[in-house]
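Please keep the sequence and the structure in view while reading.

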Amino acid sequence: GSEFLAGAEAGTVALTAGRFEDSIRELDRAMAVAQDAEREALASAGNLEDWLLSWTLNEGAKRYVGEGYERALLHATSAIARLARGDLEGARVESRRANQLLESEETLYKKEYRAGGLGHFLSGLLYELDGKPDEAYIDYARMRSKGVGLALAGKALIRLGKVLGRNDEVEELEHQFGAAEPLPKGAASIVVIAGVGLGPYKRENTLTIPTPDGVLQWSVPTFERRPIAVGDLELGVQGGSAPVRTVVVEDVSVVAKENLEDRLLLLSAKSAVRAVLKREMTQKLEKEVGILGRIAGDVFSILTERADLRSWTTLPDTWQVARVFVAPGTHELRLDARGGESRALGTFELEGGETMFVFARTLETRLYTHVVGGRRIETASPTEGQGATP
C-alpha cells in the first residue's frame, strides 16, 4: 500500500534488468511521494490523521514515505540509471541530492554515518567526465574523510593531485595508499558499478506484559542482515594488468541499522504511549461490558501493537565500484562474481579518453550485467543480462 515502495522496488528491478528508462520513471514516482510528504505541513488534515494514528494504533498506520537513508539512496540509484542513459547532468543533480539528504540526516541525529560513498563517487566521476578535476578531487576527498571506498578514493586523489599540482598532498597520499601505477598514454577507463546481494529486512521485537488492568505490549522493528553469497566482483582485462576487484563504497545494511537505531528511542516511546492508551481502553470496556470487554480489549492490543516492518527490500546489501585504466584499442573483458557466477562481457574497442561502464547486480549467486559504451567487436553471450557463462 505504499506508493513510495511501489516505485522504489519497481525501479530497482528495472535497473537490474537494464530497462533504464523504466527505472528512472519508477524511481521518479517514489521521489514525488517523498517530496510531497516532506513539503506537507503537520497541520494538513491527511498528515494529522497519519500522525494521530501512529500514536494511537501503530506505526504501520502512517503513509510510508521512506526512511532517511532510503530517500538518500533513492536519488543515488536514480543517478546510476541516468548515467546509464547518458544523462550526465541528471545524474549529477541526483548524486548531489543524495549527498544533501544524507547530510541532513547526519545533522538531525548529530552523528556522521560511514555513508555517502556512492553519491560522492558518482559526483566525482561525473566531474571528471566534465573536465573538472578540482571539483572531482573534493568529492573523492570527502570519501576519504568518511572512510568509505578508501582504496578507490585514495588512488583517484593521487591521480588527480598530480594533475592539479598538489605535490605535498600526493606525497602524503602515496605514503598511505601506495604509489599509483602510471597510466597508459591516452588511457581509456572501465568503471564497474555493482549492487551486491540483497539489503537487510526488518523483523519485530515484541514484549508483552499481562497486568491486572490489561495487557501492555511494546513492539519495535530491528534490521537483520541477509546471508551474502558473493563478497565482491573482479574485472579481468585479457592481456592487461592483474584483475581489479570492486570495493565497497556504500554499506547499505550498516547504514540502515544505524539510521533505525537513531530513531528507536522515539519509536519505543510511541509504542509505550500506545500501550497505555490501549490498556485504558480495555479498562473502560471491562467496566462497561464485563469480562468480554476485557478479553476484546486485550486481543485488540495484542493484534494492533505491531512494529512497522515496511522497507525497501530490493536494495543491495552493498554498492561496490571498480575502475581500471587501459590503453586505447581492443580489449576482451570478463566479470567474475567471487562466490557466484562469471560472465564473459565480450570484446570492445575503446578510444583514448573514453569511459565505458559495466552495470552489475548480484542476487544470491546470480550475476546480471549491462555494458554501456565502447564499440562491441563480438557478442559474448546470447543471454546477456539474464544469467552467466560457465
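Glu-234 has Asp-336, a residue of strand 8, as its bridge partner. The model discussed here is a predicted one, and in it this pairing belongs to a set of five bridges that join strand 4 (residues 233-237) to strand 8 (residues 329-337), with the two strands running antiparallel. Strand 8 is also joined, by eight bridges, to strand 9 (residues 342-350), and these strands again run antiparallel; here Leu-335 finds its bridge partner in Arg-343 of strand 9. Four residues lie between the strands of this hairpin, where Gly-339 takes a positive phi near 105°.

Which residues of helix 8 are buried? They are Leu-152, Ala-153, Gly-154, Ala-156, Leu-157, Ile-158, Arg-159, Leu-160 and Gly-161, and what covers them includes helix 6 (117-129), helix 7 (133-146), helix 9 (167-177), strand 6 (247-251) and strand 7 (318-326). The length of helix 8 (residues 150-164) can be checked as well: at 1.5 Å a residue, its 15 residues should span 21 Å, and its end C-alpha atoms are 20 Å apart, which agrees. After helix 8 comes Gly-165, whose phi is positive, near 75°.

Finally, a search of the whole structure finds 25 salt bridges, and the table shows some of them.

| Salt bridge | Distance, N to O |
|---|---|
| Arg-144 and Glu-172 | 3.2 Å |
| Arg-225 and Asp-251 | 2.8 Å |
| Asp-308 and Arg-310 | 2.9 Å |

Arg-144 in helix 7 and Glu-172 in helix 9 are 28 residues apart, and the pair links distant parts of the chain. Arg-144 is partly exposed, with a relative accessible area of 26%, and Glu-172 also counts as partly exposed, at 45% relative accessibility. Arg-225 lies in the loop between strand 3 (214-224) and strand 4, while Asp-251 lies in strand 6, so this pair ties together parts that are 26 residues apart in sequence. Asp-308 counts as buried at 12% relative accessibility, whereas Arg-310, at 22%, counts as partly exposed. Salt bridges can also form a network, as they do where Glu-89, Arg-92, Asp-130 and Lys-132 are linked.

Definitions and conventions
Residues are numbered from 1 along each chain as its sequence is written. This is a predicted model: local features need pLDDT of at least 70, side-chain atom pairs count only at pLDDT 80 or more; totals for chains, interfaces and linings use all residues. Side-chain values use heavy atoms; hydrogens and water are left out. Two strands pair if DSSP finds at least two bridges between them. The expected span of a helix is 1.5 Å times one less than its number of residues. Buried means under 20% relative accessible area, exposed over 50%, partly exposed in between (1.4 Å probe, protein chains only). Contact means heavy atoms within 4.5 Å. A salt bridge is a side-chain nitrogen of Lys or Arg within 4 Å of a carboxyl oxygen of Asp or Glu.
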